[in-house]
Amino acid sequence: MEQSPQNEPDKVEKNEEQKSKPGNGYIKIKLFPFIMLLFAFVFVTALVTTIVMSLGDDKQVKVSIPERKEFTKLYDVYDEITNKYYKDTKSSNMIDGAISGMVNSLDDPYSTFMSKKESSAFNDTISSSFEGIGAEIQEKDGAIVVVSPIKNSPAEKAGLRPQDIITQVDGKSVKGDTATEATQKIRGEKGTKVTLTIQRSNEDKPFDVTITRDEIPIETVYKEMGSDKIAHVTISTFSETTYDELEKALKSLEKDGMKGLVIDLRGNPGGLLDQAVSISSLFVPDGKVVVQEQGKDGSKSAIKADSSSHGDYKVKVPTTMLIDGGSASASEILAAAAKESGGIKLVGAKSFGKGTVQTATTLSDDSTLKLTVAKWLTPNSEWIHEKGITPDVVVNMPNYATMTIPSSTKVYQNGDFGDDVRTIETMLKALDYNVGKVDGLYDIDTKYAVERFQAANKLDVTGIMTGVTTDKLVELTQKHLKETDPQLQKAKALVK
């Protein structure tokens, strides 16, 4: 390439040169060198662009995933254990343990991390039948506490009560266990036995209860109605099918002439929030608040009654609801909505008091993080957590309803003394047998009462309480309680 001096005449050689006039001069470029120059320019430009973009990507990654200095200690400990622990380690176990530790540090009994196996068991309790004793438990202040036994479950039949503290499972302490860990120890195959050591508030000493595990069915709604046409419908828990079960039961009762309704939430430990909301819409006018959720920033969001998704079906007969110390979580949401937005009277005893909302997130390996994400408030903005709901009409159950069931394997006879004897005297008295003074002493009056009980039920008359005599006493006492249930009778009277 030659650059001509200024003011030199333009020269053109056809097909060999191209002319340009920058200012007053010109540049002559031969065709082949020009093409090579152009190719080199494109190549260098592409190379520079690639390098810049690569460096840009690195910079972008660093911006989108900032360094988490707070995890340095965690990484250091992981490396120390992996490199120096005297046994081989499994990384997945250590990671699960680290996650569990983070969740446990929240000091919230309702937030928990579950392994894949534990997660499967948790899902069973919501969506299908499972094998175990049928009791909802929670961890509270380092102890495992019974929220409620499930209706007609082995736990209920064995006499477990809300607020019972489980101190041991098969002789091994569960102090410090999470609810998930304790559940895994209590559950087992149908037909096998588990022995729970129970501490009850009104008992001086812990006592053992041996329970035969069974299949816990998914049925959650039970109905009955007598000649008075006042229906008694029990909801035992809130699972995926509860609304459908309840609507089916109510429509059947309507066809049979239902004039009034008692919804029994006693011993209902809760379950799925959406089911509680759908069921509340049966009793609360559309558009009225069922429950409010309050996040960590204090903001509130209201969930309102809406029956449109279920064909606008509503309960039209007079209704009352029963609650007690075993009514928790979703059952309290329903009770509070019915009372405050539906004008329905609550009867019974103060509820359990669980006012938080949990979500369950399935992680990449099918483990589950169950985390408390909000408070729930009643329509009137009350937070009932650890306080419970006080019913409009408080009705106490008889003493024997909450007493520890005496074991049929033990022998009670003249001269014995203790809490079990007091329970036996109380039960006999409830069945109209004269036991004299109820003082925990198995005296001559107690012996005579036992003999009359045995004769009336065609048992061997020995005056000794044991074996089939004890089983019969428990059976008839529970039957009597069901027939005379003062809370149910009051609830029925209100709808009449």
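**Exercise 1. Determine how strand 20 and strand 21 pair, and describe the hairpin that they form.**

Step 1. Strand 20 (residues 356-362) pairs with strand 21 in the antiparallel sense, over seven bridges. Here two strands pair if DSSP finds at least two bridges between them; strands (E, at least two residues) and helices (H or I, at least four) are DSSP runs, numbered from the N terminus.

Step 2. Within this pairing, Ala 360 stands opposite Lys 370 of strand 21.

Step 3. Five residues lie between the strands of the hairpin, where Asp 366 takes a positive phi near 70 degrees.

A remark on the model is in place here. This is a predicted model, in which local features need pLDDT of at least 70 and side-chain atom pairs count only at pLDDT 80 or more, whereas totals for chains, interfaces and linings use all residues. Residues are numbered from 1 along each chain as its sequence is written, and side-chain values use heavy atoms, with hydrogens and water left out.

**Exercise 2. State the strand order of the six-stranded open sheet, and explain why one side of each edge strand has no neighbour.**

Step 1. The order is 13-14-15-18-19-22, and the pairing is mixed. In general, strands of a sheet pair through backbone hydrogen bonds, either parallel or antiparallel.

Step 2. Strand 13 (221-225) and strand 22 (393-394) stand at the edges; each has a single partner strand, so one side of each is left without a neighbour in the sheet.

Step 3. Strand 14 (residues 230-235) pairs with strand 15 (residues 260-264) in the parallel sense over five bridges, and Thr 234 stands opposite Asp 264 in strand 15.

Step 4. Helix 9 (residues 330-340) packs on this sheet, touching strand 14, strand 18 (319-323) and strand 19 (345-348). The direction of helix 9 makes about 145 degrees with that of strand 18. Axes are lines fitted to C-alpha atoms, for helices over the stretch in contact, and angles run from 0 to 180 degrees between N-to-C directions.

**Exercise 3. Describe how helix 8 packs against helix 9 and helix 7.**

Step 1. The axes of helix 8 and helix 9 are 9 Å apart, at an angle of about 25 degrees.

Step 2. The contact (heavy atoms within 4.5 Å) is made by Leu 273, Ala 276, Ile 279 and Ser 280 of helix 8 and by Ala 330, Ile 333, Leu 334 and Ala 337 of helix 9.

Step 3. Helix 7 (residues 242-255) and helix 8 (residues 273-280) pack with their axes 9 Å apart, at an angle of about 25 degrees. Thr 242, Tyr 243 and Leu 246 of helix 7 meet Gln 275, Ser 278 and Ile 279 of helix 8.

**Exercise 4. Judge which stretches of the model call for caution.**

Step 1. The chain averages a pLDDT of 86, and 84% of the residues score at least 70; pLDDT is the predictor's confidence in each residue, from 0 to 100.

Step 2. Over residues 1-27, pLDDT stays under 50, and the model has 32 contacts beyond four places in sequence for this stretch. Over residues 57-65, pLDDT stays under 50 and the model has zero such contacts.

Step 3. Where pLDDT is low, the predicted coordinates should not be read in detail.
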